[in-house]
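Before you work through this entry yourself, here is a short note on what to look at. Please read the points with the structure open beside them.

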Amino acid sequence: MRDATGLGITAAVLISSGGWAGGTAASNAASLSDNELETIVVTAQRRAEDIQTVPISIQAFTGKTLEELGVKSSSDIAQFTSNVEIALPSGSGNQPLISIRGIGLNDYDTNNAGPNGVYLDEVYLSSPSAQTFATFDLQGIEVLKGPQGTLYGRNTNGGAINITTVKPSDEFSSNLHAEYGSYNTANLEGAVGGPLTSTLDGRFAFDANHADGYVHNLLTGDNENGANNYAARAMLLYKPIDGLDVLFNVHAGQVNNRPTEYRHIGTFDPASLATGPTQCSVAQTYAGQCVDLFGYGTPAKFYDGAYNRQQHLRVTTAGSYVKVTYNWGSLLLTSISAVDYNDKLHPEDTDTSPNRLLEINYGVRSTNYSQEFRVSQNADRYNWVTGLYYLHEKLNQNQPLFALLDGDAIFGAPGALDGIAFRAFDTSEQLTDAYAVFGQGEYRITDQLKLVMGGRVTDEHKTFHYSGSIQPQEGGEDHFGPVIPLATNVPEYLSNGAFSWRAGLNYNFTPDVLAYVSAATGFKSGDFNGSFLSTVPTEIARQLIPVKPEHVKAYEVGIKTTLWDRRLIVDAAAFYNDYRDMQVFVLINDVPGGAGLPLNVLDNAPKAHTQGLDLTVTVKPTSQFSATLQAGVLQAKLDQYSSTRDPNLPDYSGNQLPLAPHASGSVLLEYKIPLGTGTLNLQGNANYKSHVFFDTSNDPYIQQGGYWLGNLRAAYDFDKNWEIAAYVHNVANKEYYSDKFDLTSTFGFIQGIMGTPRMAGVEFNWRY
């Protein structure tokens, strides 16, 4: 499910002076002394600004910093950011579950995008399956916390992750990155760009990854959880006249490796299988004393397993956008037209065992088109931006499920599971059309006080058609009877709209001390429970009930300070988010007329809240030494959860929201030593995450205790263009889970998504 890298650093604001240029960092190193911190310039508010002047809780990374941290995928970002969690419930190459300040959606269905937006070069990635991708040749990444609907085309409740790539320019540039590490892990990245004619610039970048994997398959002797993927991007920038820029982008990528395998954790008492399985205690389960329904237990070693499926995960992505900007007097006109395609087939070894107890093929194909128009103006006392946005997405799912197919062999009697073992077929189509008008402006009331106002109108329409059928075993193992329809092209419709707003005040006590207070609202439209519905018609009817839209009111007060002659930066923010009708994915009690087993549904929790603190301290006492401390404190709870539709639904009021640790933090230390003709750069960092639950019910079987991860890197820069480096990630070789899923009620096991073990390697970097 998750391919965590074990990295653990949040270098949110620090870019030491003397570091390589090329990110979003301001090119002001020449005007800074060696002891001063170089501040990052961001575009979070649709214009270039010093990060210390932006009244938003934001963390930004330059391309150079990301390279040093070893970021290989968009899912790695949470490792560096407090109060942000990203889980991959179906492993690397699949859709993420993103939680920002406790706001997220723990739904693994590919048709349901969460409340946090992921943008690549200002283009919203609509399909969740497209939100994990290779990160290469980047200008930078910005993580924005809180609702962002008044500035961005797609509405987001919890926050946004903006990823920007390096664009073509009039100057020739190129770079190459080669890396080799543990488990035969290899990475090759490169880019080249520059002028093609007097009015045309170009850039081409590529990325290729290979790894044998760190999980040992006891059944085949092979390694699992490896990598085999590549991606490429080409851009042309055409400037026919002054003030007019036309940027054309085309990109594509492919994943072609065996899927991420999970740790198998048995949960049934082996002595009870003959008479009716009973669940082990938590202590027995994690002591390895329990088995699944077919009698397979928990492997002794953390990174061992026995996996029978050998098919490959195949993901193909392709897309293009055209961005046109024109300076018309004091106005900047912007148009972004984009199209993206994603096609995925994930043959999951769901039972994580050598038997065919439960296997699923996740097939999803999506195509989306988006169009955004913006007009903006910057003046001495005011600035504003307004825009129109449209998104159309077509998403098809074809996800067959295979259950109990080895039952005859396990129970020793041909035909023993006739009428019990089965194949289920699950297909759906979802069409989404979203429209929005948005805008935000700032007005300087005095030299120190600024007013911020923004608004947004959203109108969204969705149609969903579902078909399901079942084919029971008949005549023994691998023989099946006729297909029995359960639901045929069942239609569901949703039409939601809302007005959301933002208001704030910014006050500069001095040019280096900014205080701000803001209030904002957010909206996420209703959605459908998209896949793997029941095989019982009454349960299917319950699962197909769409969920209502969710709404949030977000309040934040913060301060940003640059002190001690730019040697010390201290940023702090306190926040409170008040949620109504939060969308949650839950396991409920059996429904009347059902099979008598718990049922997965997508539902609304009437009330929830999140509150907490974000703190970043960066200091550079000497020209050689710098340090960053980052801390996040979070309380995220369901305040009220009892369904008005279903009296059988359990009461989870007071539960902690999933993927919402109470505390998170990191420390980064960096020391530079002049050596020969270059500089030796030593880095050490440690990251902490406190206890976390992985579901809304706070199931004690699927949680992760608090843990630290530590990382080391040593690099030598020489001759301005060259760097060699060595690194160790997860120095202590900590064993931890980045996600879990409980399938005890039917099959007697838990899927555990293992964090990455200790990884060591060497790097070679060249830039021109």
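The numbered points below go from the whole chain to its sheets, cores and disulfide.

1. The model is a predicted one. Its protein chain contains 5 helices and 42 strands. Taken along the principal axes, the C-alpha atoms occupy a box of roughly 80 × 55 × 50 Å.

2. Looking at contacts between residues at least 6 apart in sequence, 69% join residues at least 24 apart.

3. The strands β23, β24 and β26. Strand β23 covers residues 358–378, and β24 covers residues 382–398. The two run antiparallel and are joined by 16 bridges; a hairpin of 3 residues connects them. To locate the pairing, find serine 370, whose bridge partner in β24 is leucine 391. Strand β24 is also joined to β26 by 17 bridges, again antiparallel. Here leucine 395 has glutamine 430 in β26 as its bridge partner. As background, strands of a sheet pair through backbone hydrogen bonds, either parallel or antiparallel.

4. An open sheet of 3 strands. In this sheet the order is β19-β41-β40, and the pairing is antiparallel. Its edge strands are β19 (263–266) and β40 (737–742), each of which pairs on one side only. From one strand to the next the twist averages 25 degrees. Between β40 and β41 (residues 749–754) there are 5 bridges. Within that pairing, aspartate 742 stands opposite isoleucine 750 in β41.

5. The largest nonpolar core. Which residues touch the most other members of this core? They are Leu401, Ala403, Leu404 and Phe747, out of 25 residues in the core. The elements giving two or more residues to the core are β23, β25 (401–403) and β26 (422–444). In soluble globular proteins, nonpolar side chains tend to be buried together. Another core, of 21 residues, lies apart from this one; among its residues are Ile40, Ala44, Ile51 and Leu144.

6. The surroundings of leucine 404. Leaving aside neighbours within four places in sequence, leucine 404 is in contact with Leu293, Phe294, Arg356, Leu357, Leu417, Ile420, Ala421 and Phe747. Phe747 also belongs to the group that touches the most other members of the largest core.

7. The disulfide. How many disulfides does the structure hold? There is 1, formed by cysteine 280 and cysteine 290, with their sulfur atoms 2.2 Å apart. The link is left-handed, with -125 degrees about the S-S bond. Cysteine 280 sits in the loop between β19 and α2 (282–286), while cysteine 290 sits in the loop between α2 and β20 (304–305). The two cysteines are 10 residues apart.

8. Burial of the two cysteines. Are these residues buried or exposed? Buried means under 20% relative accessible area. Cysteine 280 has a relative accessible area of 3%, so cysteine 280 counts as buried. Cysteine 290 has a relative accessible area of 1%, so cysteine 290 counts as buried too.

Notes:
Residues numbered from 1 in each chain as written. Predicted model: local features only at pLDDT ≥ 70, side-chain atom pairs only at ≥ 80, totals over all residues. Heavy atoms only, no water. Pairing = 2+ DSSP bridges. Helix = DSSP H or I, 4+ residues; strand = E, 2+ residues; numbered from the N terminus. Axes fitted to C-alpha atoms, helices over the stretch in contact; angles between N-to-C directions. Core = buried A, V, L, I, M, F, W, Y, C linked by side-chain atoms within 4.5 Å. Buried < 20%, exposed > 50% of the residue type's maximum accessible area, 1.4 Å probe, protein only. Contact = heavy atoms within 4.5 Å. Disulfide = S-S within 2.5 Å.
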